[in-house]
Amino acid sequence: MNNIFLIGMMASGKTSVGKILAQKIGYEFFDSDQEIEKRCGATVATIFSLEGESGFRKRECDIIEHLTQKKNIVLATGGGSILNLHNRILLKNRGTVFYLTTDIDTLMYRTTQDKTRPLLVCNTQQEQKQILVNLYQHRHPLYTEIADYIFDTSNFGVNNLVKQILLSINQTYI
Ligand code: S3P
């Protein structure tokens, strides 16, 4: 099963990188948030507000289970999908996992005006930075636990990153 799974914090570039990568290697691209939204007919923000984070996580588990059964796909996962042990096991066992890591200042810069990510809704930039730091500290060990490859996306453009990833998977996929 030659799947490519992209994991990492919100705004680390999973969707942008994943789309181009999939195109280059002729794989189908999926984004777990978009698939959840399609299934529910509601945005991630709406699901959070109606069902809370736990309702969203349940839907996320269902979609990860479903999508990881596919073959030859590139999947951009939601930043919190690795919180669930079963999701981590599925991602680890059903594909090659790329962790896109990004420094906090870059994440801040990319998410300042963001209204689509419910976990980042807050009053001040300082609060937002603290949320990102807390999420990162909690999640970084979980991302690294299942990562086959780790790429820092802070200083790379999307096309450069795709090139780097292609180089590392050259043997297996091309
Ligand atoms: C989340 C990340 C989001 C989305 C939801 C929760 C998280 O996906 O699943 O807002 O917990 O980090 P992206 O990583 O694609 O932004």
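Trainee: How far is a backbone N or O atom of glycine 80 from an oxygen atom of the ligand?
Mentor: First, this is a predicted model, where local features need pLDDT of at least 70, side-chain atom pairs count only at pLDDT 80 or more, and totals for chains, interfaces and linings use all residues. Residues are numbered from 1 along each chain as its sequence is written, and side-chain values use heavy atoms, leaving out hydrogens and water. Glycine 80 uses its backbone here, and the distance to the ligand oxygen is 3.4 Å.

Trainee: How much of the ligand does the protein bury?
Mentor: Picture the ligand taken alone: it exposes 390 Å² (accessible area, by the Shrake-Rupley method with a 1.4 Å probe).

Trainee: What distance separates aspartate 33's side chain from an oxygen atom of the ligand?
Mentor: Lysine 14 does something along these lines, with a polar side-chain atom 2.5 Å from a ligand oxygen. For aspartate 33, take an N or O atom in the side chain and a ligand oxygen, and you get 2.6 Å.

Trainee: Which helix gives the most residues to the shell around the ligand?
Mentor: The ligand is surrounded by 14 residues (each with a heavy atom within 4 Å), and Lys14, Asp33, Arg57, Arg117 and Arg139 are the closest. By class, 5 are nonpolar, 3 polar and 6 charged. Among helices (DSSP runs of H or I, at least four residues), the one giving the most, with 4 residues spanning part of 44–67, is H3.

Trainee: What is the relative accessible area of asparagine 72?
Mentor: Asparagine 72 also has a positive phi, near 55 degrees, and lies in the loop between H3 and strand E3 (73–76). It counts as partly exposed, with a relative accessible area of 37%.

Trainee: How far apart in space are threonine 15 and valine 44, C-alpha to C-alpha?
Mentor: Threonine 15 sits in helix H1 and is partly exposed, at 25%. In sequence, threonine 15 and valine 44 are 29 residues apart. In space, their C-alpha separation is 15 Å.

Definitions and conventions: A polar contact is a pair of N or O atoms within 3.5 Å; within protein, one must be able to donate a hydrogen and the other to accept it, and residues adjacent in sequence count only if both atoms are side-chain atoms. Helices (H or I, at least four residues) and strands (E, at least two) are DSSP runs, numbered from the N terminus. Ala, Val, Leu, Ile, Met, Phe, Trp, Tyr, Cys and Pro count as nonpolar, Asp, Glu, Lys and Arg as charged, and the others, Gly among them, as polar. Buried means under 20% relative accessible area, exposed over 50%, partly exposed in between (1.4 Å probe, protein chains only).
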